[in-house]
Amino acid sequence: MQNKGAIRLLAITFAAICVYQLMFTFHSIKIERNAKKFAHGEVSLEKSFLDSMKNEEVFNFLWMKKYTYQECKEREINLGLDLKGGMNVVLEIAVEDIIRSLAAPQYLSDPVFIETMAAAKAKKKHSTSDLIDLFSDAFEEQNPGGQLAQFFMTPESRGEIDFNTSNADVVLHLKNQADDAIDNSYNVLRNRIDRFGVVQLNIQRLERQGRILIELPGVKEPERVTKLLTGTANLEFWTTYKNVDIWSTIEEANRTIANIQNASELFDGDILESQDSEVPEEVVAEEVKEDDLLSIDDELGLLSDTSDLSILGGTDSAEDLYSDQEAQYYRDNPLFAVMSPYVDNSGRLIPTAIAGVVELKDTAKVNAFLSLPQVKQLFPPDLIFAWHFHTLGEEKPFIYLYALKATRNGQPAMDGKYVTDARSDNDQYTGEFEVSMSMNAEGAKKWANLTRENVQKSIAIVLDGVVYSAPNVNEEIKGGSSSISGNFTQNDATDLANILKSGKMPARAHVVSSEVIGPSLGAKSVKDGFNSFLIAFMVVLLYMVFYYSRRAGLVADIALMANMFFLIGVLASLQAALTLPGIAGIVLTIGMSVDANVLIYERIREELAAGKGMKAAIKDGYKNAYSAIIDANVTTFLTALILFFVGTGPIKGFATTLVIGIITSLFSAVILTRLIYEGMLKRGKTLTFSTKLTANAFKNTNINFIGKRKTFYVISGIMIALSIGSLATRGLNGGVDFTGGRNFVIAFQQDVETEDIREYLGEAFGETPTVLTYGQKNTVRVTTKYLIDDERPEVDSILKANMFTALQPVLSDDVVLDDFLNGQDYIISSHKVGPTIADDIKRSSVVVIFLSLFIIFFYILVRFRNWQFGLGALAALMHDVFIVLGIFSLLAGALPFSLEIDQAFIAAILTVVGYSINDTVVVFDRIREFVGLQRKRERRDIFNSALNSTLSRTFSTSLSTFAVLLTIFIFGGEVIRGFSFALMIGVVVGTYSSLFIATPVVYDTIKKDETTRVVKGIRKS
């Protein structure tokens, strides 16, 4: 072995770097253990201890560089959300809002603009193109020869867009502006998160236009974070109407609604059926959507949805729901039945901007009533209704409806662009939390004028379409100071101040995908992952000693331990997140990295059997094994690279550890072990590479694989036919990654029946969810598509509130709604995938599978210079994929764990592909070698000899890998049980195909008269 000194120096340097990187984790853990000892279980004391240590020096590197606890924490091994707990969110910036903001105001109500936007949005649901291109295409389809420029000629675009600007140039202008707006959104979101105080956060723009990925480890208040991320920070100041001035109009509106239809039609939900009152469903929805003030954003996040006309009463008649007297009142006073005046104890109106008081459950009905054209025409054209942000009352929560007054152009009296600073504060008189704001000079002047003109009137402070406060103005306010109050908690005030300081979002952001992992589930995942890792590691260590003797086995074990050390060190240095699938990748790396040692050892055993001395056998064994090791690892490495670059989330975590593991295992198994053996030989150590039990294993085997190939073709044909039949009839159990929807893992304090949970939630959702036991009988996983198309930021809270109500029969009496919504003792994890992102995942999964198959085929073609070998490998891989898919289809619902097809399953399929080709390439490599050495032998004999001579290696690698996967399956936890099951099937099927499919296909496709040409090609390669 040449350059031993350089290799030793490299190994020592590599080890030193890994030790340095891992020291940050070591010191962080040490400080956190001290904090736990100090606190004795008190969470607040533990947090205080850690806060006090943030700037304390805890690590002194060679007396040259000192690191504080905070610096160590930032450099420690980054645990993924599934191990630490936290939140993963993909936000999509509404490009539609950006297009509207760039258009001239007079065209926003233009029918051509509206129809074009509607057509573009419809196409967007099933397209990967960005909305701007779809908008342009829709416009040209509907208006051949039309000019897009007319919509976007504004003072701001002067010099860039005029009547002569082509549609292509307009599109380019819109894309540039959209990119700037998305960059601005990215910066605003980062500022908001930075103020939230999350350590090791990850925020990045995704390739698809408008999408931003945010990972927040350790977050324990997902509802709060969602509001923080999705708020646009659109601050406005509105003048108001007093309720006494409009109450007579409200009374007239009540009579008008009563006259539209009789009570029976009203409660059948037919209020909008008569011609006079006809309002198309999409128009009602559009009015509510565009006028965000006619909405509700209370702490429960319940927003009205007037597009669903069932809110006007459902299908039950008034007589079924109420007494005769109550039913008559509803007929005569439909609006007052759901909205009460804001009165004092004597029943007199209190002169304020509060138009009415509404029970939370009735807000949607009020919205629908006030949206009717016959009702809207009664009120002044500058009157706009807006809900307060906060609810009052607990048993029957209610909310205030405010009457705002717009300027002549329908805008607020003043917007929030003049605000320069915002901070959380306490009211000097009441002590309640509030948000104090400061304005620039221009804003201070406008604010002074506005307050002077509205003395003894209310000015409503509105954020993102909801009223936060509406203080009464007693006198002119100079200096540009103002405050927002509204029964805030400290978190409410802090978050609101952060949002205002971070700046206004240029467009709405809605959640298209999210995943929340509770800390309890994260802790369980850490325990399960560590257990599976430890047990699998011990199994492999013992197997190597058992099969290859004590010394040879220990050398292989040293290589494995060095591999783990280097792998963890590299992960730490790259700040790569260690996820649960990542642990699975590490454990799988253990099993697969054994293959390099096995190949070397089997070669050494062959050289010893040929009569060579130990030193020569080791030298030639390493030399002859290199080709197979390189080919086998390169094919797996290519598959892992595809997973890394194309995959997201769990797939990327798995691929990261697999890529690093392959590199470190090659270094450990090939280089370090060679150095160890040469040192042993120098010291005269006695070496053996087998035990008494294994010395003669697989020696002189003479299985006629080629002769029996047709039998195995029939067996494989039957399995593939069954798989295709099941896929055609039963299909696959698509997870939310591919179908869109939500998963909730819910833990109860007692055992529950899945049928009961399914029934309760089915009644609440109007559709039957999938409910499965999740590990223990007191924990279930609920999968549903309920409200998945709803893009409102509050929709998750709506759904959880409905779940809370539906699950009352199985929840403890002391569980309150706030705990269920914001705590993580009940909903311990949640996962949402919107329809558009689900389509993207499906497309990328298909692409990644076919791309990996093509790359492997191409690599085999190049390495062996024969398309027959590429075809044999491809046939085996397709065989494996079909059978794994077929088994998942046949057994779906029959096993006590989930067999969903999700991103993790795609990672499993590609790992099976990598493993199978690994096995196949080893055989192909031996065929190539035998062709060069045994030129006169029959083709059949060469192929059979190659298969028989690699049986020992195939057995050792397959058995050790299967044992590792079985360990993951049993001890790795519920989260990756389906994933590990797919890998176990894949190892068995992949081993079978490498022996009975790949090589026989190569044999059959090489015609007899081509043998000479093919053999020559193999020799050259």
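Predicted model: local features only at pLDDT ≥ 70, side-chain atom pairs only at ≥ 80, totals over all residues.
## Cavities in the model

The structure contains 9 cavities of 30 Å³ or more.

## The largest cavity

The lining of the largest cavity is made up of 16 residues, and those that lie nearest its centre are Ser-514, Val-516, Asp-796, Lys-800 and Ser-830. Two or more lining residues are given by each of the following elements: strand S4 (86–93), helix H9 (222–230), strand S18 (509–517), strand S20 (741–747), helix H27 (795–806) and strand S23 (827–833). Sorted by class, the lining of the largest cavity comprises 6 nonpolar, 5 polar and 5 charged residues.

## The second largest cavity

Around the second largest cavity, the lining consists of Leu-599, Glu-602, Arg-603, Glu-606, Ala-628, Val-922, Asp-925, Arg-926, Ser-949, Thr-950, Ser-952 and Arg-953. The elements that supply two or more of these residues are helix H21 (580–609), helix H31 (903–933) and helix H33 (951–971), and the largest share, 4 residues, comes from H21. By class, the lining of the second largest cavity divides into 3 nonpolar, 3 polar and 6 charged residues.

## Packing of H30 against H31

Helix H31, which contributes to the lining of the second largest cavity, also packs against helix H30 (residues 867–891), the two axes coming within 10 Å and crossing at roughly 145°. The crossing of H30 with H31 is right-handed.

On the H30 side the contact is made by Phe-869, Ala-873, Leu-877, Asp-880, Val-881, Val-884, Leu-885 and Phe-888, and on the H31 side by Phe-905, Ile-909, Val-912, Val-913, Ser-916, Ile-917, Phe-924 and Ile-927. The residues of this contact divide into 14 nonpolar, 1 polar and 1 charged.

## Packing of H5 against H6

Helix H5 (residues 95–102) packs against helix H6 (residues 111–124) at an angle of about 160°, with the axes 12 Å apart. At that angle, H5 is therefore roughly antiparallel to H6, and the crossing of the two helices is right-handed.

Glu-96, Ile-99 and Arg-100 of H5 make the contact with Phe-113, Met-117 and Lys-121 of H6. By class, the residues of the contact between H5 and H6 are 3 nonpolar, no polar and 3 charged.

## Packing of H24 against H34

Helix H24 (residues 709–729) and helix H34 (residues 977–1005) have axes that lie 10 Å apart, and the helices pack at an angle of about 115°. The crossing of H24 and H34 is left-handed.

In this packing, Arg-709, Phe-712, Tyr-713, Ile-715, Ser-716 and Met-719 of H24 meet Tyr-992, Phe-996, Ile-997, Pro-1000, Val-1001, Tyr-1003 and Asp-1004 of H34.

Technical notes. Residues numbered from 1 in each chain as written. Heavy atoms only, no water. 1 Å grid on protein atoms, 1.4 Å probe; cavity = no way out; pocket = protein on both sides within 12 Å on 5 of 7 lines; lining within 4 Å. Points joined across faces, edges and corners; volume = space filled by probe spheres on them. Nonpolar A, V, L, I, M, F, W, Y, C, P; charged D, E, K, R; others polar. Axes fitted to C-alpha atoms, helices over the stretch in contact; angles between N-to-C directions. Parallel < 35°, antiparallel > 145°, perpendicular 65-115°, else oblique. Left-handed = near helix turned anticlockwise from the far one by under 90°. Contact = heavy atoms within 4.5 Å.
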